Amino acid sequence: MTQDCRQCGKCCEKWGWDQKGIPEDLEPWIADNRLDILSHVLVRFTDGGYRIAAGLTTSDLPRIDRIFYWVDPDGKKRSSCPFFERRDDGKVYCRIHDTKPAVCVGFAPWAAIWHDYGLNCPACRDTTP
Ligand code: SF4
Ligand code: SF4
């Protein structure tokens with residue numbers, strides 16, 4: 001079923017912690033030197049070490065075991081995404097829309113596998129449980 005996101009921003013506000021990234025998310029950010037994004041990304045390497053993704057190169061990507069969104073530059077988990085912006089029209093916009101991570105691109109709480117009523121997504125209200 002196709003639904004329209006109402007851009008209420010609830011999911012982006014909630015998504016501060018432990019969302020999982022993939023190395024393909026990081027590739028364009030590294031190529032474009034998007035330190036504004038990479039400084040909010042924590043990575044865990046296969047040897048168990050952690051670091052902020054700012055300063056990584058593509059040669060580091062094969063050693064990554066897990067990617068976490070979103071954190072502050074000191075590595076502390078955030079309680080909300082740093083890139084959402086509520087504008088005068090009342091809607092929430094993604095400041096990195098053109099390059100946002102796959103977990104955000106694919107987010108569809110009205111789809112059966114997600115169906116997140118706990119999020120209270122207004123775009124889900126008309127769907128059949
Ligand atoms: S909670 Fe639902 S309607 Fe609101 S921004 Fe997220 S997906 Fe869109
Ligand atoms: S990156 Fe954009 S789409 Fe993803 S949680 Fe943040 S504001 Fe929302």
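Colleague: In what sense do S2 and strand S3 pair, and over how many bridges?

Modeller: They pair in the antiparallel sense, over three bridges, with S3 covering residues 50-52. Pairing here means that DSSP finds at least two bridges between the strands. Strands are DSSP runs (E, at least two residues) and helices likewise (H or I, at least four), numbered from the N terminus. This is a predicted model, where local features need pLDDT of at least 70 and side-chain atom pairs count only at pLDDT 80 or more, while totals for chains, interfaces and linings use all residues. Residues are numbered from 1 along each chain as its sequence is written, and chains are lettered from A and ligands numbered from 1 in the order in which they are written.

Colleague: Thanks! Which residue takes a positive phi in that hairpin?

Modeller: Gly48, with phi near 95 degrees; the hairpin has four residues between its strands.

Colleague: And how do S2 and S4 run?

Modeller: Those two are antiparallel as well, joined by five bridges. Leu42 stands opposite Phe68 in S4, and in S3 the bridge partner of Leu42 is Ile52.

Colleague: What about the core: which residues touch the most other members?

Modeller: Leu26, Val41 and Val43, out of 15 residues in the largest nonpolar core. At least two core residues come from each of helix H2 (23-31), strand S2 (41-45) and strand S4 (64-69). By nonpolar core I mean buried Ala, Val, Leu, Ile, Met, Phe, Trp, Tyr and Cys residues joined through C-beta atoms within 7 Å. Buried means 20 or more other C-beta atoms within 10 Å of the residue's own, with C-beta atoms placed from the backbone.

Colleague: Which residues does Val41 contact, beyond its neighbours within four places in sequence?

Modeller: Gly21, Ile52, Ala53, Ile67 and Tyr69. A contact is two C-beta atoms, placed from the backbone, within 7 Å.

Colleague: Switching topic, what surrounds ligand 2?

Modeller: Cys12, Trp15, Cys81, Phe83, Phe84, Cys94, Ile96, Lys100 and Cys104, each with its C-beta atom, placed from the backbone, within 6 Å of the ligand. That shell has eight nonpolar residues, no polar ones and one charged. In this count Ala, Val, Leu, Ile, Met, Phe, Trp, Tyr, Cys and Pro are nonpolar, Asp, Glu, Lys and Arg charged, and the others, Gly among them, polar.

Colleague: How does the shell around ligand 1 divide?

Modeller: Into eight nonpolar, two polar and two charged residues. Among them are Cys5, Cys8, Cys11 and Cys121, along with Arg6 and Lys10.

Definitions and conventions:
A residue is buried if 20 or more other C-beta atoms lie within 10 Å of its own, exposed if 12 or fewer, and partly exposed in between; C-beta atoms are placed from the backbone.
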